[in-house]
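Good morning, colleagues. Please bring up the sequence and the structure on your screens, and I shall take you through them in a few minutes.

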Amino acid sequence: MTPPTSNPLLWLIPILPLAGAAINGFFGRQSSKKAISAIALTFCGAAFLLALWIAIGFSSASAPYSFPLAHWLRSGSFSVDFDFYLDQLSLVMMLVVTGVGFLIHIYSVGYMWDDESYYRFMAYLNLFMFFMLTLVLAKNYLMMFIGWEGVGLASYLLIGFWFTKDSAASAGKKAFIVNRIGDFGFLIALFLLIQHFGTLDFPALFAKIQPISPETTGAGLLTAIGLLLMVGACGKSAQIPLYVWLPDAMEGPTPVSALIHAATMVTAGVYMVARSHMIFERAPSALTVVAIIGTLTALFTATIGIAQTDIKKVLAYSTVSQLGYMFMACGVGAFSAGIFHLMTHAFFKGLLFLAAGSVIHGVGGEQDMRKMGGLRLYMPWTFTVMGIATLAIAGIPPLAGFWSKDEILAQAFSVSWVYWLIGVVTAFITSFYMFRLMYMTFGGDYRGAGAQASHAAHKSHGHGKDDAHGHGEPHESPWVMLGPLVVLAILSVFGGFVGLGNRFEHFLDPVFKAAVEPGLQEPIREAGEKSTEYLLMAISVSVAALGWLLAHLLYSSRPQLPARIAEKLGGLYKAVANKYYVDELYAALFVRPLIDGSTTILWKGIDQGVIDAAVNDSADAARHISDEARHMQSGNLRSYAGWVAAGGALVIAYMVWMGIR
Amino acid sequence: MVPLSYYLVLSGILFVCGVLGFLIKRNIITIFMSIELMLNGVNLSFVAFAAQWHSLSGQIFVFFVMVVAAAEAAVGLAIIIAVYRTRETLNVDQVNLLKL
Amino acid sequence: MLHLILFLFFGAICVAGAVNLLVQSHPINSALSLIVVMASLSAEYLLLGAEFLAAVQVIVYAGAIMVLFVLVIMLLNAGTEEHTKGSRIAIILGVPGVAIGAVLVAWTLLFRAHTSSVPLGALPGGPQQIARLLFHQFLLPFEVTSVLILIAIMGAVVLASKPEAVAKRHPRETPQELPELVGVRLAGQGKEH
């Protein structure tokens, strides 16, 4: 392996947002909002410009770059340092994170302007950027883990941003705790890596793993590591069974949902799996598990999205579903396809969330789609960009989503048609619920209360729901919010073209294909199968169109149908609407027993019964002993004499005994 | 010819009577007299040993014991008088202000 | 032989007097029993050959100390002992303790100690030799005990005197401080002066 070239600018990219976070965090309380915005935008924008600069000057020949910042751990033969690393994969991630992050920062200036803790929000956003960039630019697993944990922390802080609201605080807690469960798996995997390979540094570690042949028997060290890493990814990227935190995370402000829970943090799991491709390629069973989890999650959460009425919840389940696609791609060995979808998804999902925020802002804080409608007349720009994003996510050519999703489906088909079929069905459902969202929100007539909405917004003004204006009629958002939307829309339209002619895949080849040996599970692209490809493309486009038609039917031409269908389906509809009762199941299976066990055993049993009792009882014992002992001091002369006589007898006995001996 | 141990046993009996008097009696003056009894017993054993070892120092010591006993009796009786003035009783069980 | 008989005779009187001291309820009877004990002890000393000591015993102990005791009994008008609730500990712990100690000592003395017999009148010397010892070897204790007696006299006088008498001698002290000086607590009213 060629030694990495040194790039002294690398370390600045994460540090600049950290500086912004520190300045805003410490001095923001007494600064003006303009100053806060300037600081936050400057540091984030500087990081973005720096990333662009490096990207422009990037040459595959001299990649990968690295930059050692400082020493960290030295323990015997094991050492870990603060090193930064840039190859094609992290370049893509870095650009996505800084670019989309910067746009969302600009959007937040407008969205959160009226919030009283404005400085805290901007500080947390910058802090998140720092951690995410650390994660992406890390040269070893431990630094990645720092970023991993840090983005979890930032997510908790930002989800519970309006912490005076109980549901927000609980959602933040839930996110952090469920994340931690995944982190546990991640840590065990790290321990196994340290134990068996002695290093966590990417180049060194992968060099050691390269000569190992794949474990086709299904059990083995690499399979274990792969599965444990996948556990971590499930937690961070909200796959089954650890996805339950992401819908609740919608309690946070909309820019947070856009940045963290659509574009960047939840993709950390995908990035990690892609980064560990060398491990997964040598553990076929683990890779299969990844694919299965991804596919099932995609389908499962897409079905939940059909029945949701909160606009952000629909998008949340959509995010989980699209992440399932990315994991499916990685699971069939098409890592670059997964990363491609990650990038396009960042564009259109970020756009969707920001536009949803614009909608919510415009209708005065209402998030229930049943109370929206007809907004295309009031918010034309928002309508346009959201329409573009919906087309992208549904997979309509030639927008970005089509290219990436189709790539994944093609790769999946070449491994097994089951994956492909489920992927197609999910694409149909995705298209359906996204267009349902569009029709319910923008189509028809405005069902909201208008003037009443303003009163409701006034009432909710204090505890900081999404909007604080309540102007009465829905209105368009200011340009500070619309600008990023437009940029993201342009990216959603044209961003997919980088995948044309497999250019994207070839760009990432040095990362994924550098060590491919024949016989490993790799996406097989037979040369003469172009016709199959076109057929698959046609199928995916047609199902997307079908979904659109169905949505049009149910929500535009015959709006009374959905209620009748829901009635007919009865229990099934209720189950779907209640998210299949998964949260309740977890509460009964895990949360309740844990709390009860903790209360009875740990609190009442050990803390009160043993520790407190030990202290209290020893104090009691001392008191009782002294209570008895004080009877000796009776003030009575004769009892003193009695004691003396007894003692004297003892001494005499002792002396006699010594004399006899 | 009397064995020395007989003298010592007599001395021991006197001492034991003194201790028992101290434990049993309630009148403070009687208790004091028990103390004098104890001292006398000790004196007897001193003289007996002095007789066995043909040494005069034993007798001298008895002198000093007597002197000290006299001084102690004087001061102790003065204290008894002072206590009687405040407590109006000679019963040692009723002088228990130092009770916890 | 005679020695033994005399020893046992006076010893019996001694023990009888000691037991009588315990048994009597009026302190004056106990005091008189004590005098009997001292007299018999003096006889024992004579048997051992300590004539001077026997004389001193009668003069000092029986003649001075016991007189003091009797005087105080008369002064304080001590009556028959009343039966008050005493200390149980004294009886429970003390008497067995004394008994055990006594038994042990007696057993040791009678069966384990190897002592010889003491002849009649064994002690050598008389007052002359005693005086010589007293002023040569034991000069320091002798002088110290004389100081001790002086202190005892002063203490006894101060302790036993009435509070007004002390106040007359020390007019500058206020009545309130005097009780502390004398160690007497004035029950009830304060003494105006």
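Predicted model: local features only at pLDDT ≥ 70, side-chain atom pairs only at ≥ 80, totals over all residues.

Let me begin with chain B. What secondary structure does chain B have? Chain B comprises three helices and one strand, and along the sequence these elements follow the pattern β-α-α-α. Chain B has 100 residues, of which 59% count as buried. If we take the contacts in chain B with a separation of 6 or more, 49% of them involve residues 24 or more positions apart.

I turn now to the contacts between chains. How many residues of chain C are in contact with chain B? On the side of chain C there are 78 residues, and they touch 61 residues of chain B. Several elements of chain C give two or more residues to this side, among them the helices α1 (2–23), α2 (27–48) and α3 (51–76), and the strand β1 (117–118). Which element gives the most? That is α3(C), with eleven residues. By class, the side of chain C that touches chain B consists of 58 nonpolar, 15 polar and five charged residues.

Chain C is also in contact with chain A. Here 14 residues of chain A meet 13 residues of chain C. The chain A side of this contact divides into eight nonpolar residues, five polar residues and one charged residue.

Let us move to a pair of helices within chain A. In general, two packed helices are described by the angle between their axes and by the distance between those axes. For helix α11 (residues 268–275) and helix α14 (residues 311–331) of chain A, the angle is about 5° and the axes are 10 Å apart. Angles under 35 degrees count as roughly parallel, so α11(A) is roughly parallel to α14(A). Which residues make the contact? From α11(A) they are V270(A), V273(A) and A274(A), and from α14(A) they are L323(A), M326(A), F327(A) and C330(A). The residues of this contact comprise seven nonpolar, no polar and no charged.

Finally, I come to the backbone. Most residues other than glycine have a negative phi, and most peptide bonds are trans. With that background, I would draw your attention to four places.

I240(A) and P241(A) are joined by a cis peptide bond, with omega about 0°. P241(A) lies in the loop between α8 (221–236) and α9 (245–248) of chain A. Another cis peptide bond runs from P397(A) to P398(A), with omega near -5°. P398(A) belongs to the loop between α16 (380–394) and α17 (400–415) of chain A.

The other two concern phi. Y581(A), a residue other than glycine, has a positive phi, near 55°. Where is Y581(A) found? Its place is the loop between α24 (571–577) and α25 (582–629) of chain A. Y581(A) counts as exposed because it has 12 C-beta neighbours inside 10 Å.

In chain B, H54(B) is not a glycine, yet its phi is positive, at about 50°. H54(B) sits in the loop between α2 (28–52) and α3 (57–87) of chain B. Is H54(B) buried or exposed? H54(B) has 12 C-beta neighbours inside 10 Å and therefore counts as exposed.

Thank you for your attention.

Conventions:
Residues numbered from 1 in each chain as written. Chains lettered and ligands numbered in written order. Axes fitted to C-alpha atoms, helices over the stretch in contact; angles between N-to-C directions. Helix = DSSP H or I, 4+ residues; strand = E, 2+ residues; numbered from the N terminus. Parallel < 35°, antiparallel > 145°, perpendicular 65-115°, else oblique. Contact = placed C-beta atoms within 7 Å. Nonpolar A, V, L, I, M, F, W, Y, C, P; charged D, E, K, R; others polar. Buried ≥ 20, exposed ≤ 12 C-beta atoms within 10 Å, placed from the backbone.
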